[in-house]
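Here's a quick briefing to read with the model open beside you. Have a look at the fold first, then work through the topics below.

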Amino acid sequence: MSHDASPALFELRSVTKTFGATRALDSVNLELHAGEVHVLAGGNGAGKSTLIKILSGAISDYQGELCARGLPLRFADPGAARRHGVLTIHQELSLVPTLSITDNVLLAQGGRGWSFVSRRRASQQAAQACLGVGLDVSAETLVEALSISDRQLVEIARALHMGGARLVIFDEPTSALSDVESRRLLDRVEQLRASGCAVVYITHRMHEIRRLADRITVLRDGQVVLTRTRDELDDGELVRAMLGHDPSDQVRSGPAHVGRPRLTVRELPLGDGRVSFELHEGEILGLAGLMGSFAAALLLELFGAGAAARAERVQLEGRPFAPRSPGEALAHGVALLASDRSESVIASLSVLANATLSSLRAYTRLGFVSGARERADVQLHGARIALGAPSLAADAGTLSGGNQQKLALVRCLLTRPRVLLLDDPTRGVDVGARAEVHERVRELAQQGASVLLFSSDLDELCELCDRVLCLRRGSVVFESRRGDFDRERLLRALLGTSA
Amino acid sequence: MTTLRWRAARLLEHSAARALVPLLCVLLLGALFHADGAFFDWQAHRSMLREISVVGILACGMTLVIVTAGIDLSVGSLVGLCAVCVALFTMPLGLPDGVGVLAVLALGAAAGATCGALVAYPRLQPFIVTLAMMVFARGLAKWLAGGQKVTRSFRGPDGDFVTVPSPRLFEAIDTRVLGDNVSVVTLIFLGCAFGCWLVLSRMRIGRYLYAVGGNFEAARLSGVPVRSTLVFAYALCGLLAAVAGICQAAQETHGDPETGMGYELDAIAMVVLGGTSLAGGRGGVGLTLIGALTLGYLQKTLSLNAYSTEARLMLTGAILIAAVLFQRRLARRAA
């Protein structure tokens with residue numbers, strides 16, 4: 001691909017943006033060409049989101065310049081960016097869940113508030129837009145009735161429907177999607193590229209970079225570390241560039257040390273099926289499943305947060321185990337790391353209070369909390385997991401996503417769990433934090449705890465697990481030990497193309 | 001100059017500093033419009049403290065509930081109900097003071113716990129539940145009092161009017177101590193504030209209150225006993241409403257079923273003036289104390305300058321909005 005002949009579609013020239021004392025972006029140069037997918041990679045806090053905000057007009061006070069086809073311009077607001085053909089698909093979707101697809105498409109078109117709209121025509125147009133992205137549902141469906149991945153397609157359909165798209169920005173679009181759903185989305189991205197759009201794509205997932213990227217820019221601490229075409233860069237170099245050092249995350253080696261069974265699940269009704277398995281001491285057991293596999297529901301049920309407790313179905317160390325609340329499960333040494341950070345970290349509470357929320361009983365005498373012991377323990381665990389917090393008194397909401405997830409893990413570890421349930425623990429977490437989380441989980445298993453890991457990221461299952469179960473609609477359809485499975489086999493098992 | 005601004009910004013990161021700004025403004029107003037020096041007289045401050053005490057007790061309990069992202073509209077009516085009950089128990093029924101007080105405290109806590117249970121288990125909205133309790137408790141107070149004030153003169157069992165001496169409890173509460181300087185009600189208010197502070201910042205249940213208000217689902221998945229925590233918050237708020245009701249009856253020396261009308265709104269205003277967010281998960285009793293002083297001094301200044309009640313109400317409303325807007329701007333700048 002030679003771009004030397006024509007100026008880039010969009011170009012950032014030595015763009016700098018400071019927030020108070022911190023430099024979010026430091027003289028960043030970036031060229032975006034038509035018909036090219038440009039992947040932005042980097043850890044949380046590297047400056048990716050600031051960069052996107054400048055491109056999409058959400059930030060207008062920065063130094064340096066933005067050029068379109070060589071002509072300098074500055075977007076005053078997101079509306080101006082849209083008029084120049086810049087569309088952004090945000091991580092948090094901007095759809096109104098209680099309205100239909102048609103209404104949401106109409107909302108985006110703006111127009112005057114008092115103008116009449118022809119519902120029939122709008123509905124037809126919305127339906128057409130949905131078909132264009134491969135979404136086959138009625139345009140009158142309420143958005144809240146759609147799955148996350150379908151909502152994302154609606155968002156894309158809506159963006160494309162407005163027309164004139166020249167640059168489409170995707171901000172971690174697959175972080176909430178399973179592998180199969182991601183594939184559907186990646187197809188759309190390729191379709192956009194083929195139609196001559198420039199695409200900026202942000203992701204933490206290596207296999208997406210491998211599949212999509214024409215050009216990769218790695219950001220670290222607000223600076224461009226490197227910009228290369230896909231062929232010039234191998235995976236190891238890419239991870240090193242993002243981290244700034246060699247990764248410590250290695251595939252778990254050697255045969256797993258597997259002890260006695262700790263958690264026994266026998267014919268537990270789940271969705272349309274029944275599940276049986278044994279989880280042993282020191283074992284990391286993986287659960288793979290697509291949306292609707294009930295894998296996450298299984299974790300919640302074992303944690304006492306599900307629909308009903310069934311004592312006769314589950315045994316913990318030989319005794320019936322039917323917790324009626326998460327508190328009861330924790331008292332039996334079973335901890336859960338929730339997938340959604342909005343369900344694990346309490347933003348308005350301090351780092352310290354978040355960390356000891358589940359184990360507070362151990363730091364209490366006569367109802368009063370002993371601050372010193374609590375502080376010492378949290379400091380110790382925080383240092384071990386490289387928790388990046390300004391202080392223990394800071395609000396947890398001020399931490400980056402990766403650090404919030406580390407904090408949630410510290411909370412689980414402080415309860416000294418014998419069984420740790422992980423529900424997609426590194427979704428949307430950067431490479432560095434992901435490695436730290438993996439390290440701690442391995443260490444815990446080494447010490448004899450049992451880990452049950454559900455992940456939508458098949459690479460994660462391959463790196464961590466001693467054994468993997470694939471679930472489909474509440475039944476185990478495939479079981480395999482370490483050494484016998486890889487990404488492709490798991491994917492085939494999930495899709496049902498081979499057992 | 002810049003370092004000074006930077007220091008000011010650092011200071012305003014503390015929510016207590018932000019709450020103090022409106023208080024200082026109100027004090028400045030009082031000093032400017034001092035009504036011929038009346039504002040500088042100790043008497044003015046003493047009576048202001050006495051006047052905010054009953055509502056201040058309610059505001060302490062309200063803080064606990066608001067921290068859980070709830071609201072308790074029933075406390076004003078509970079003041080009326082508890083005032084009627086303590087008057088009934090001690091005067092016409094002739095129970096010993098101690099028994100009467102304990103019974104009324106239990107009644108307040110039970111009413112609060114009922115609200116809490118309705119919020120916690122069927123997950124009804126706090127606004128609706130406590131609105132219902134507000135109406136119910138007011139009705140109950142009027143029914144028990146027979147539509148009139150419960151005083152020390154009442155119709156005895158044989159149909160004749162009898163008059164008994166005021167219970168010693170009323171006199172004990174409605175006096176001043178420490179060299180005739182601080183009224184007992186004010187001490188009770190400060191004691192309640194200290195108790196609530198202990199609960200919120202030093203006890204495990206306090207952490208749970210913040211956690212439940214900050215993120216209910218996350219708190220549940222962290223093993224916090226979310227439902228009993230909610231019941232506790234409303235029960236303690238009801239208990240403090242009973243304390244306020246007893247104080248109110250003592251000051252009025254009778255049980256008026258109409259008393260405490262609208263107190264819940266003043267209590268909420270004190271909490272909000274302190275900077276505690278109605279969204280829950282943040283705030284504290286220290287802030288509420290500052291808010292109570294701000295509201296108290298504002299009303300004192302207006303009354304010293306002989307503003308009519310109408311003007312006072314309108315000005316209070318306007319200043320409330322101004323103070324909250326102002327604090328939010330400060331918080332944004334500090335962030």
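Predicted model: local features only at pLDDT ≥ 70, side-chain atom pairs only at ≥ 80, totals over all residues.

On bookkeeping, residues are numbered from 1 along each chain as its sequence is written, chains are lettered from A and ligands numbered from 1 in the order in which they are written, and side-chain values use heavy atoms, leaving out hydrogens and water.

**Chain B overall**

- Chain B comes to 14 helices and four strands; helices (H or I, at least four residues) and strands (E, at least two) are DSSP runs numbered from the N terminus.
- Along its principal axes, the C-alpha trace of chain B spans about 80 × 60 × 35 Å.
- Of the 335 residues in chain B, 50% count as buried. Buried means under 20% relative accessible area, exposed over 50%, and partly exposed in between (1.4 Å probe, protein chains only).
- Take the contacts in chain B between residues at least 6 apart in sequence: 76% of them join residues at least 24 apart. A contact here means heavy atoms within 4.5 Å.
- Chain B exposes about 15,300 Å², with carbon and sulfur atoms supplying 65% of it. Accessible areas come from the Shrake-Rupley method with a 1.4 Å probe, and for residues only the protein chains shown count as cover.

**Nonpolar cores**

- The largest nonpolar core has 102 residues, and B:I57, B:L58 and B:I246 touch the most other members. Helix α11 (residues 226-252) of chain B gives this core its largest share, 16 residues.
- A core in this sense is a set of buried Ala, Val, Leu, Ile, Met, Phe, Trp, Tyr and Cys residues joined through side-chain atoms within 4.5 Å.
- Not counting residues up to four places away in sequence, B:I246 touches B:V86, B:V101, B:V104, B:L105, B:L169 and B:I173.
- Another core lies apart from it, with 74 residues, among them A:V275, A:L299, A:L316 and A:F321.
- As background, nonpolar side chains in soluble globular proteins tend to be buried together.

- B:L28, B:L29, B:L32 and B:F33 make a nonpolar surface patch of about 420 Å². Patches are made of residues with over 30% relative accessible area and no salt bridge; like charges are joined within 9 Å, and nonpolar side chains (Val, Leu, Ile, Met, Phe, Trp, Tyr) within 5 Å.
- B:L28 sits in helix α2 (residues 15-32) of chain B and is exposed, with a relative accessible area of 55%.
- B:M314, in helix α14 (residues 309-334) of chain B, counts as exposed at 62% relative accessibility.

**A buried loop residue in chain A**

- A:T203 belongs to the loop between β8 (198-202) and α7 (206-212) of chain A, and counts as buried at 3% relative accessibility.
- The C-alpha atoms of A:T203 and A:E172 are separated by 4.9 Å, though the two residues are 31 residues apart along the chain.
- Leaving aside neighbours within four places in sequence, the contacts of A:T203 are A:V39, A:L40, A:E172, A:T174, A:E208 and A:I209.

**Salt bridges**

- There are 27 salt bridges over all chains; each is a side-chain nitrogen of Lys or Arg within 4 Å of a carboxyl oxygen of Asp or Glu.
- A:E65 and A:R13 pair up at 3.5 Å, N to O. They link distant parts of the chain, strand β4 (residues 63-68) and strand β1 (residues 10-19) of chain A, 52 residues apart.
- B:D174 and B:R50 meet at 3.1 Å, N to O. B:D174 lies in the loop between α7 (168-173) and β3 (176-177) of chain B and B:R50 in helix α3 (residues 42-67) of chain B, so the pair ties together parts 124 residues apart in sequence.
- A:E439 and A:R442 form a salt bridge at 3.9 Å, N to O, and both lie in helix α14 (residues 431-446) of chain A, three residues apart, about one turn of the helix. A:E439 is partly exposed at 29%, whereas A:R442 counts as buried at 8%.
- A:D187, A:E190, A:R193, A:R211 and A:D214 are linked in a network of salt bridges.
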